[in-house]
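Hi there,

I'm passing along the structure we talked about, together with some notes on what turned up when I went through it. Please have a look at it first, and then read on.

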Amino acid sequence: MTTQTLDRASRYADVRQRLDALLAGETDWISGMATVACELHQAFPYFHWTGFYRAVGDEQLRVGPYQGTHGCLHISFDRGVCGAAARQQQTQLVPDVEAFPGHIACSSSTRSEIVVPVLTPEGELLAVLDVDSNDPAAFTTTDQEHLEALCAQLGAQFASAPVR
Ligand code: SME
């Protein structure tokens, strides 16, 4: 199935249904992130790196649970697409990573990327969800809409998790 023919919206609906069941009552943030990374990565053939960078204070991100080849271990808020999402607290939809100033190439095969902040209802940044694709312009506003809704739910569910 190609990126074009995939019915993204119904695929996201399936994933959300599974995640709602898997994460019901879960309070452990690490377990939550690991489960989300796994389910998203398995569901979409154009997701080649799928995971989280955690906000650990001092404007620093540290890698969290992910699927794919190894990611950079830490990223400061002034670097890369992840840093921009953390700093601006806004989704970064990047159709061509080569055109993004300061993009961090953890993998040379990455062509496009989306990074969505995970914010608590009070606006505290818990993490960013980073998805990289080897396909150019792999992500659309449909991905953005569904990933933002998922991240909003995570931010609310894990707002008071003791481990960040
Ligand atoms: N490309 C990201 C870095 C993280 S990895 O690709 C896994 C960025 O520019 O922030």
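Let me start with the ligand. In this predicted model, the residues surrounding the ligand are Trp49, Tyr53, Ile75, Gly80, Val81, Cys82, His103, Ile104, Cys106, Glu113, Asp130 and Asp132. Sorted by class, that shell comprises seven nonpolar, two polar and three charged residues.

Where does the shell come from in the fold? Strand S1 (49-55), helix H3 (80-88) and strand S6 (125-133) each contribute at least two residues to it. H3 provides the largest share, with three residues.

- Asp132: a polar atom of its side chain is 2.7 Å from an oxygen atom of the ligand.
- Ile104: here a backbone N or O atom lies 2.8 Å from a ligand nitrogen atom.
- Glu113: an N or O atom in the side chain is 3.1 Å from a nitrogen atom of the ligand.

How much of the ligand does the protein bury? On its own the ligand exposes 300 Å², and 99% of that is buried by the protein. As for its location, the ligand sits in the largest cavity.

Now for the chain as a whole. The protein chain has four helices and six strands, and along the sequence they follow the pattern α-α-β-β-β-α-β-β-β-α. Taken along the principal axes, the C-alpha atoms fill a box of roughly 40 × 35 × 25 Å. The radius of gyration is 15 Å, which agrees with a compact globule, because a globule of 164 residues would have a value near 15 Å.

Best wishes

Definitions and conventions
Residues numbered from 1 in each chain as written. Predicted model: local features only at pLDDT ≥ 70, side-chain atom pairs only at ≥ 80, totals over all residues. Heavy atoms only, no water. Near = heavy atom within 4 Å. Polar contact = N/O pair within 3.5 Å; in protein donor to acceptor, adjacent residues only side chain to side chain. Areas by Shrake-Rupley, 256 points an atom, 1.4 Å probe, with all protein chains shown as cover. 1 Å grid on protein atoms, 1.4 Å probe; cavity = no way out; pocket = protein on both sides within 12 Å on 5 of 7 lines; lining within 4 Å. Sits in = over half its atoms within 2 Å of the grid points. Nonpolar A, V, L, I, M, F, W, Y, C, P; charged D, E, K, R; others polar. Rg over C-alpha atoms; globule rule 2.2 N^0.38 Å.
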